[in-house]
Amino acid sequence: MGGLREISAPFVVPGPSGVAVRDRLKRLSVVDERALRLVGDHLGSLAARDLKARCEAGLEHDSDQWAERKRLLTAESSSRWAGSLTKATHDQWGLARRAQLAHVRGLEAGVRSIAHRLSLPVGAKGSKRAPGGYRSRQEWFAKSRRLRVLEYRLRSARGDWRAGVVRGGKRLLNSRHHLDAAGLTEEQWRERWRAARRFLSADGESGKRFGNETIRVAPDGEVSIKLPVPLAYLANASHGRYVLTARVAFAHRDEQWRDHVTANRAVAYRIHEDTARGRWYLTASWTRSVATVLPLTAARSYGLIGVDMNADHLAAWRLDAHGNPVGAPRTFAYDLSGTAFHRDAQVRHALIRLVHWAERHGLAIAVEDLDFSAEPTREKHGRQKRFRRLISGMPTSRLRARLVGMAADHGIPLIAVDPAYTSRWGAQHWQKPLTSTHRTPTRHHAASVAIGRRALGHPIRRRTAPPRHHQSDDGGHRTVQAGPGTPGRAEPRPRVPGPRIRSVRAGRGAKAGDQRAQHRSGHTAEHETWQQDFLPLSLQERSD
């Protein structure tokens with residue numbers, strides 16, 4: 001037990017802080033699309049310029065420089081557009097810096113791992129804490145070449161870290177060099193590049209009409225945009241605004257959105273073009289009201305559903321408040337092949353079935369607090385290619401984000417537990433006892449039981465059965481869940497109707513219910529009386 005790491009305590013996951021809904025801008029005219037592209041291109045160029053200024057400031061950036069950046073942008077747009085631009089570029093800079101730092105640390109971990117294994121003799125055995133040497137000279141040579149490649153990538157990543165960030169996507173940039181593989185022409189790629197660099201986002205303002213003065217959406221669905229100063233000639237409404245011919249009608253959370261805009265609460269909007277489909281979309285987002293997190297004791301008072309996340313399915317089992325599995329295990333499968341939309345739909349379909357099951361029985365859901373961001377380098381697991389492929393294929397962040405939102409919408413508490421040893425101990429202590437002639441649980445179902453028991457505060461490991469001799473006297477009870485202080489744990493079993501033995505019906509004996517009447521010395525049996533003679537048999541024969 002000394003080699004096991006400390007297990008973190010379970011906790012109730014707080015709900016999401018924001019909500020986002022999207023609707024398509026249908027029946028846009030050619031003039032509308034031209035106006036949206038002109039506004040997006042103009043603001044996109046301002047965003048690129050502001051991002052350059054933010055990168056030059058680096059870590060020395062302060063509030064005075066922020067105000068100066070906003071003042072320069074206001075002259076070419078408006079005060080509200082400038083506020084949205086500066087905030088968006090600042091957030092983009094921070095996100096890119098965090099991503100660059102994570103990439104650098106991943107490369108450093110890979111370099112350290114390979115350098116350590118190269119320093120060991122070929123065939124040296126490793127330990128649980130550190131890997132050993134490589135198995136052959138051929139593998140040692142191949143890894144030495146890979147070490148040089150990783151060192152070169154690390155130097156380039158550190159250079160990018162010092163240089164700053166660039167607007168645009170790396171995937172979209174790489175497709176420019178492989179147009180045939182991407183199935184695009186140069187003009188099609190150029191349209192996607194321009195669409196990705198446009199800026200048509202406005203932050204919400206509490207207390208303003210309909211929650212936003214820059215991109216305003218009325219309760220009847222009318223969309224109007226405050227034009228920048230250089231494009232004021234495009235206005236078709238008063239106060240320099242452009243009204244689109246399209247109308248917005250959110251199919252999801254429409255009532256919540258109307259409550260916000262009617263009460264003039266802040267709602268942020270974003271307009272973007274999908275060049276592959278030739279469509280325009282509008283996304284509305286707002287913050288959720290802070291909900292009270294249910295205490296852990298109350299969340300698990302009626303039991304819960306333990307869920308084990310895997311690369312292609314969710315394994316779940318219902319547990320009562322005492323940690324005992326109830327009913328049959330459930331499997332919610334999903335297929336992560338195909339497009340991103342198909343994968344996301346598969347994940348949502350599996351999660352909504354799980355949420356409906358928990359809502360039907362009024363139970364909480366227990367999941368592992370998985371995080372594969374620590375040391376994501378492939379060198380951590382060595383030659384275990386299948387295991388590396390399994391980990392990389394698990395949609396951990398997507399499942400976690402989706403499950404948190406869906407559980408919060410349905411009022412289901414979500415409990416996160418430490419994932420340490422759940423699969424190993426679940427298979428060791430629960431897979432075989434739960435197997436029967438009509439049910440064969442998998443290793444993942446046993447892990448879901450372990451997850452649920454940890455969330456309930458019970459130990460995962462089952463009690464070891466006492467030896468065969470004197471099980472009731474010396475060894476104590478067999479594997480039971482009742483604690484020492486549980487009332488009635490040592491009382492006689494209740495009478496069960498029906499015959500238990502051939503001679504006497506259940507509960508009808510002379511000493512039925514007496515725990516002492518188990519053929520012990522000094523106590524009578526159930527059907528006949530006997531008493532031990534005072535003299536041994538040998539002495540009785542002599543006396544006869």
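Two rings of Phe, Tyr or Trp count as an aromatic pair if their centres lie within 6.5 Å. Planes under 30 degrees apart make a pair stacked, and planes over 60 degrees apart make it edge-to-face. The model examined here is predicted. A search through the whole of it turns up 4 aromatic pairs.

Take W189 and W193. Their ring centres are 5.5 Å apart and their planes stand at 15 degrees, so this pair is stacked. Both residues belong to helix α7, which covers residues 186–197. They are 4 residues apart there, which puts about one helical turn between them. Are these two tryptophans buried or exposed? Both W189 and W193 are buried.

F250 and W257 show another geometry. Here the ring centres are 5.1 Å apart, but the planes meet at 65 degrees, so the pair is edge-to-face. F250 has a relative accessible area of 5%, and is therefore buried. W257 is buried too, at 1% relative accessibility.

Rings also meet charged side chains. R54 lies over the face of W93, 3.8 Å from the ring centre. R69 sits over the face of W66, and there the distance to the ring centre is 5.5 Å.

Now step back to the overall fold. The protein has 15 helices and 13 strands. Of its 544 residues, 36% are buried. Among contacts with a separation of 6 or more, 66% join residues 24 or more positions apart.

Start with the sheet of 6 strands. Its order is β1-β13-β12-β9-β10-β11. The sheet is open, and its pairing is mixed. Which strands form the edges? They are β1 (11–12) and β11 (325–333), each of which pairs on one side only.

Follow β11 to its partner. Strand β10 spans residues 313–319 and pairs with β11 in the antiparallel sense, over 6 bridges. L314 stands opposite F332 of β11. L319 has P325 as its bridge partner in β11. The two strands form a hairpin, with 5 residues between them. In that turn, G323 has a positive phi of about 90 degrees.

Helix α14, residues 443–456, touches β9 (304–309), β10, β11, β12 (364–368) and β13 (414–417). The direction of α14 makes about 50 degrees with that of β10.

Which residues does I415 contact, leaving aside neighbours within four places in sequence? The list includes P10, F11 and V12. A364, I365, A366 and V367 are also among its contacts. How many bridges join β3 to strand β7? The two pair in the antiparallel sense over 2 bridges, with β7 covering residues 268–274. A202 has Y269 in β7 as its bridge partner.

Finish with helix α4, residues 137–163. Its 27 residues reach 39 Å from first C-alpha to last, close to the 39 Å expected at 1.5 Å a residue. Which residues of α4 are buried? They are E139, K143, S144, R146, L147, L150, L154 and A157. Against what do the buried residues of α4 pack? Their partner is helix α3, residues 79–119.

Technical notes:
Residues numbered from 1 in each chain as written. Predicted model: local features only at pLDDT ≥ 70, side-chain atom pairs only at ≥ 80, totals over all residues. Heavy atoms only, no water. Phe/Tyr/Trp six-rings, centres within 6.5 Å; stacked < 30°, edge-to-face > 60°. Buried < 20%, exposed > 50% of the residue type's maximum accessible area, 1.4 Å probe, protein only. Lys NZ or Arg CZ within 6 Å of the ring centre and 35° of its normal. Pairing = 2+ DSSP bridges. Contact = heavy atoms within 4.5 Å. Axes fitted to C-alpha atoms, helices over the stretch in contact; angles between N-to-C directions. Expected span 1.5 Å × (residues − 1).
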